[in-house]
Every structure is written in C-alpha cells, then in structure tokens.
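Here are my notes for you to read beside the model. I have grouped them by region, and each point can be checked on its own.

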Amino acid sequence: MRISRRAVVTAAVLATVLPLSACGGESGSGSSDASGKVAGKITFQTWNLQANFKDYFNGVIADFEKKYPGTEVKWVDRPGEGYADKISADAAGGTLPDVVNVSPDLVAPLAKAGIALDLDKAAPQYRKEYLDGAWKAHRIPGTEGTYAFPWYLNTGPMFYNKRLLKDAGLDPQKPPTTYDEVFADGLKLARQSKGKVATLANVPTIEDFGRYGGQLMNKEGTGFAFNDAKGVQLLTHYKELYDAKALDPQALTATPESSGHKFLTESVAMNPGSALDLANFKKQAPGLYKNIGITDQVSSTGKANMYVMGVMVNAQTKQKPAAVAFAHYVTDATRQMDFAKQVAIFPSTAGSLDDPYFTKEDGTDETRVRVAAAKSLKTAVNYTPVLFSEQMKTELRNQIAKALQGKQSPKEALDNAVKACDRLLQQS
C-alpha cells in the first residue's frame, strides 16, 4: 500500500547514495561544540522552495537577524533536479553551505563522511522540542547520533469506497486497518465481485514490510533483513491476493497516478491519498465522492509511516553557534506552524499537532484530510531505511513481481532482493 511522497513543496525526495569518497572522515573543524556567541555570516540552502515561498523565508531570515544582531544569513535555493549531485559536489569540494535542507537518505552519506553535525552532541537541549519519531528519522543505522533537525512532515490517510465494502457484505463503518484485516476482507471482496473489484492496486514496498512489523535492517546497519519470517509472510499473503484478483492485475507496473485512476473508476476499493485527491473525486467522480471513507494507513504496528524533511548543520562550518541557532530557528514550533498554514505539510515539533488547525474540522475536504493525517503523525515513524536507495527499491520491486507471477517463491524472492540490496549497500 504505497503512499506517494507528495510533491507539495519539493520535488520527490531522491534516494541517491552520494559519492563522497573524496570527503573521508572527520574534518579539522568537526568539533561538536556549538557554544559561544551567535554571530557571523552563514549560508542557508533550501531545496526548490524559493519560487513559491520567497516572502516566507525572507521574513524568517529577517526575524533571525533581528533576534541575533551581528548575524547575516545568505539564502540560496537549488532546483529539485540534480539536488543530490549538487550536494555531493559541494561536499567533495568543501563548499557545502553552513545549513542545508536535506532528507534522511541525503544526510546519511554526509554523516558517514563526518560532514553532518551530530546534534545529539552539539544541541541535545533541543531534542525534547520535536516528535520522537521525527528526531530519530535522521539517525544512521550502525552509528550513534542524529544528523539533522526535523523539519516538515508529510503522510496521508487511506481512502476507501464505502459502497464497494457494503456490496461485499463488509461493514463500511469499520474498514480494515491492519494487514491481516486487509488480506481477509480483500479475498472476500474479490469473491463477492467475481474478481471485478480489487482491494489494492500496488505491490508492497519497503514501507509495507516495516508497517507489517518485520525487521528491515540488522542492528549494525550493515545489511538488510526484510527476508525474515514476517517479510515472507507478508509477501505470501500478497501472492494470495494476486491469485484471487484481490490485488489489481496491473499492480506489477502501477504508479501512484495509475492506482489513483483505478480508485477513481471504482475498480479498486482502497487507495492512499490527500486532500488534492478529494477535490479531484468531487469534480470527476461525484458518485465515488459521496461514498468516500477516510481511515488511517494500514499498519500492524499501530504506527503510520511519515515522510520527513530536515535541516542539517555542516560540521565544517566556521560559524557553528550561528549555524545551529539558525537551523533550530527555522524548525522551531513557531516557524513550522507558520509554514504549515501556507502549504499542506505538518510540523515535526512536539505539541504542534494538538493545535485546533490540525484537530478541528470545518466541513471542507482539505481540513477533513488534514485532521485525519495529523492524528496519525503523533506516533508515526519513517519506515524507509535511510540507506535504501532507488536502485534497491527497483531490485525489491522486480523480485516481488517474480514472486507474484509464480516464477519463484516469496522466500526466494526476498532472499534475492536482500542479496542485491546488500551488494549495492557495500558499493555505496
């Protein structure tokens, strides 16, 4: 059950492993001491935000400089395309800005190279200000430390078609919320519709293995482990769905867009989405719209998946007190709340999701989805391993396709996927 990473603010986050072989080890200025006077000139880099949020960030910078006389913040913004390569080149050349907008997968190689500042050492006093799951999102398996302040979060609830559930003899007021419930209800729905209606339109992703309760990596962070008993069990159930046509036949090649179309045409009973989708349903499929139900992401752990952006401090900065202070300022509760009211994202700061903006509905579709998503984020975690690259995602998907087609067993498929991903991990 894939939840696409919504490109509301940035382009989709790249999961590229940055080639930082030229930047080995801790730098000479890599001390974790961030104490001292907040002063000096620093550079702040964002990721494809200037076009739509120029006034917001100029205001944040002006307020920071007013709060800390003697500081000067230069803001640079990079396009989404090539962002990972730009960070890699700047890191290798020693020109990486003092404060950088990153995602967990982008910060991982920087942390390994000693370029990302460990906030557990440099700024531990701020940890309590953030949701626990968000703070942990920028940790690297096999190492100690947290390497970026959590910034904005995103997630999405699960949409379901009440009419399709009712026609299958299921309770439309009690949609399936765990994987076991989805598997049982999915088979029943397929039988009742004689294979015309599937429950899901996507094959499982690494996030599904996490939400099912399986182990994704070993404790040392040196290898993947999603071929454990839980992982095999999950894929076995998906094979059962596929054979019964409870998983859409085109799931092997599905995209978030094609899955959304299947849901729009009422040939699929459940699909993740956002308030943007609700507006689309209302316009293009009013019959579907009046039967829309909204529930939590499917999870057997009781915790939803979150996507998280962060703000990293360059461990080599010559203005560490100012860089840490600004990174915290950008991501504190006040600034995050202001930003969340401008665009459909969620703050990572503790207590912010209790604000009426995220808890009280006003009858609009946008608020309806925002409230549902915010509720799940309080305990959500980032299930995608920070070391799981796009190449690894492709390897997993290819092996899963072979299992669903009966070309190999679920166990063989996941063993092969783990071997391929481990090989890619060693090459990174």
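1. Let me start with Leu 153, whose bridge partner in β8 is Val 308. Strand β4 (residues 149–154) and β8 are joined by four bridges and run antiparallel; strands count as paired here if DSSP finds at least two bridges between them. Helices (H or I, at least four residues) and strands (E, at least two) are DSSP runs, numbered from the N terminus. Please keep in mind that this is a predicted model, in which local features need pLDDT of at least 70 and side-chain atom pairs count only at pLDDT 80 or more, while totals for chains, interfaces and linings use all residues. Residues are numbered from 1 along each chain as its sequence is written, and side-chain values use heavy atoms, with hydrogens and water left out.

2. β8 also has strand β3 (residues 99–102) as an antiparallel partner, again through four bridges. In that pairing, Val 100 stands opposite Met 312 of β8.

3. How many residues of strand β8 (residues 307–313) are buried? Seven of its seven are, where buried means under 20% relative accessible area, exposed over 50% and partly exposed in between (1.4 Å probe, protein chains only). Tyr 307, Met 309, Val 311 and Val 313 are buried on one side, and Val 308, Gly 310 and Met 312 are buried on the other.

4. Next, have a look at the open sheet of three strands, which has the order β6-β5-β7 with antiparallel pairing. Its edge strands, β6 (270–272) and β7 (292–295), each pair on one side only. On average, neighbouring strands of this sheet are turned by 30° against each other, direction ignored. β5 and β7 share four bridges in the antiparallel sense, and Met 158 stands opposite Thr 295 in β7.

5. Asn 161 lies in strand β5 (residues 158–161). Why does Asn 161 count as buried? Because its relative accessibility is 0%. The side chain of Asn 161 reaches the backbone nitrogen of Arg 163 at 3.0 Å and that of Leu 164 at 3.1 Å. These are polar contacts (pairs of N or O atoms within 3.5 Å; within protein, one must be able to donate a hydrogen and the other to accept it, and residues adjacent in sequence count only if both atoms are side-chain atoms). Not counting residues up to four places away in sequence, Asn 161 touches Phe 263, Glu 266, Ala 269, Leu 288 and Asn 291, with contact meaning heavy atoms within 4.5 Å.

6. Helix α10 (residues 256–264) lies across β5, β6 and β7, running at about 140° to β6. Axes are lines fitted to C-alpha atoms, for helices over the stretch in contact, and angles run from 0 to 180 degrees between N-to-C directions. Ser 259, Lys 262, Phe 263 and Leu 264 are the buried residues of α10, and their cover includes β5, β6, α11, α12 (286–289) and β7. Just after α10, Glu 266 takes a positive phi of about 60°.

7. Which residues meet where α11 and α16 pack? Ala 275, Leu 278, Ala 279 and Lys 282 in α11 meet Asp 365, Glu 366 and Val 369 in α16. The axes of helix α11 (residues 275–284) and helix α16 (residues 365–377) come within 8 Å and cross at roughly 145°. Ala 372, also found in α16, is in contact with Pro 157, Ile 294 and Asp 296, leaving aside its neighbours within four places in sequence.

8. Last, a pair of helices to view together. The 15 residues of helix α17 (residues 390–404) should span 21 Å at 1.5 Å a residue, and the end C-alpha atoms are 21 Å apart, which agrees; the expected span is 1.5 Å times one less than the number of residues. α9 also has 15 residues and reaches 21 Å from its first C-alpha to its last, close to the 21 Å expected. The buried residues of α17, among them Met 392, Leu 396 and Ile 400, have cover that includes α8 (206–211), α9 (229–243) and α18 (410–427). Those of α9, including Val 232, Leu 235 and Tyr 238, pack against α7 (179–192), α8, α17 and α18. Each helix is followed by a residue with positive phi: Gly 406 after α17, near 80°, and Lys 245 after α9, near 65°.
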